[in-house]
Amino acid sequence: MLTRRKILKASFAASASMLAGSALAATREQMRYWDNHAGFGYMGPNDVDLLDHWRSAGVSYLSINVGYDPVPWSTTIRAIADYTKGIEARSDMVLCATVARVLTAWHAGQMALTFDIEGMGALNGDLSMVELYYRLGVRQMLIAYNLNNDAGGGCHDQDKGLTDFGRAVVREMNRVGMVVDCAHSAIRSGLEAMKLSTKPCIFSHANARALQDHERNITDEQIRAVAATGGVVGVNGLSLFLANGAAKVESMVAHIDYMAKLVGAEHVGIGLDCDPSNTGPRLDEATSSKYWPARQYPASIKEDYLPPSVLPQVAEQLRSLGYKESNIRAIMSGNFMRVASQVWAK
Ligand SMILES: [Zn+2]
């Protein structure tokens, strides 16, 4: 006969094994996909409908771009206002201020969303804008978008490093819990930001320059530097940055594999940069040719994007390359989630 103590012990063991069993079943059931950057630019309130591309592909988390240096900062505020209203009207997706909120959203079957900004130009030279954007839902911001701004250098410009303002912004981002994103920025500026930051940094969407020689892609030194902060590189699915020709899953997997071999699978993630609007950025000719110089974006090359629906194929190809299930899950969601839990305010 079991003593009370033994009964308690036995029932605890049974429930623990049931819990472990159900947790295992849940992880077997559902792969989480964390896409760290959507590539569409603000056009209007109807942009929220584009999120169905991610939702229907089973994406669990998406960072939505609300502004970038080529557009005035006021457009970023307009985008935040429209997207917030549009998302709040939906029951299948939700803006999340904390990692705990992301987990609650997942538990409720919702897609978790946050905002990001491409370039510190959106601050309009005002340091106090960092905390305001954070309160409005922005969880990551890059230094400069392709060209230099008042914070630092862009990847297609003369690299002068971070300015005093740029250094102050990095410190303020660390203070409020916004992730420092070095994508699109010049090499030196990004390296300086990563050295200065006391929290893990990221490249939200950038590929390996060793595999595709383009100024938007990042060098081994940059990949090692971001890994040294405990951060992550999100590999994107844009043809121009993957390989010449059409965007292919194999190319994306090759970039993931290259980085994982260089710095470890714990420093690689996904930042598709997909633009399902198919309209491309609506900027005037002069602005476009400035931010996307013809020497790096030849008119002869047609842009092609991998949609979020390819993510299960990416996972499958990593599996066939011999990646452990735990590493695949880390690449698909766990790594960026780790950074969020270390940097975002609780
Ligand atoms: Zn971008």
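Me: What do the buried residues of α10 pack against?
Reply: In this predicted model, the buried residues of α10 pack against α8, β8 (232-235), α9 (239-242), β9 (268-270), α12 and α13 (325-343).

Me: And which residues of α10 are the buried ones?
Reply: They are S251, M252, V253, A254, H255, I256, D257, M259, A260 and V263.

Me: How many residues does α10 have, and how far does it reach?
Reply: Helix α10 has 15 residues and spans 21 Å from its first C-alpha to its last. That is close to the 21 Å expected at 1.5 Å a residue.

Me: What follows α10?
Reply: The helix is followed by G264, and the phi of G264 is positive, near 105 degrees.

Me: Back to α8. At what angle do α8 and α10 pack?
Reply: Helix α8 (residues 220-228) and helix α10 (residues 249-263) pack at about 60 degrees, and their axes are 10 Å apart. The crossing of α8 past α10 is right-handed.

Me: Which residues meet there?
Reply: From α8, the residues are D220, I223, R224 and A227; they meet M259, L262 and V263 of α10. Sorted by class, this contact of α8 with α10 has five nonpolar residues, two charged residues and no polar residues.

Me: New topic: where is S309?
Reply: S309 lies in the loop between α11 (285-291) and α12 (311-320).

Me: Why does S309 count as partly exposed?
Reply: S309 has 14 C-beta neighbours inside 10 Å, and therefore counts as partly exposed. The buried class would need 20 or more, and the exposed class 12 or fewer.

Me: How far apart are S309 and V263?
Reply: In sequence, S309 and V263 are 46 residues apart; in space, the separation is 27 Å, C-alpha to C-alpha.

Me: Now α3. How many residues does it have?
Reply: Helix α3 (residues 73-88) has 16 residues. From first C-alpha to last, α3 reaches 23 Å, close to the 22 Å expected at 1.5 Å a residue.

Me: Which residues of α3 are buried?
Reply: The buried residues of α3 are T76, A79, I80 and Y83. They are on the same side of α3 because they cover an arc of only 100 degrees around the axis.

Methods. Residues numbered from 1 in each chain as written. Predicted model: local features only at pLDDT ≥ 70, side-chain atom pairs only at ≥ 80, totals over all residues. Helix = DSSP H or I, 4+ residues; strand = E, 2+ residues; numbered from the N terminus. Expected span 1.5 Å × (residues − 1). Arc of directions from axis to C-beta. Axes fitted to C-alpha atoms, helices over the stretch in contact; angles between N-to-C directions. Left-handed = near helix turned anticlockwise from the far one by under 90°. Contact = placed C-beta atoms within 7 Å. Nonpolar A, V, L, I, M, F, W, Y, C, P; charged D, E, K, R; others polar.
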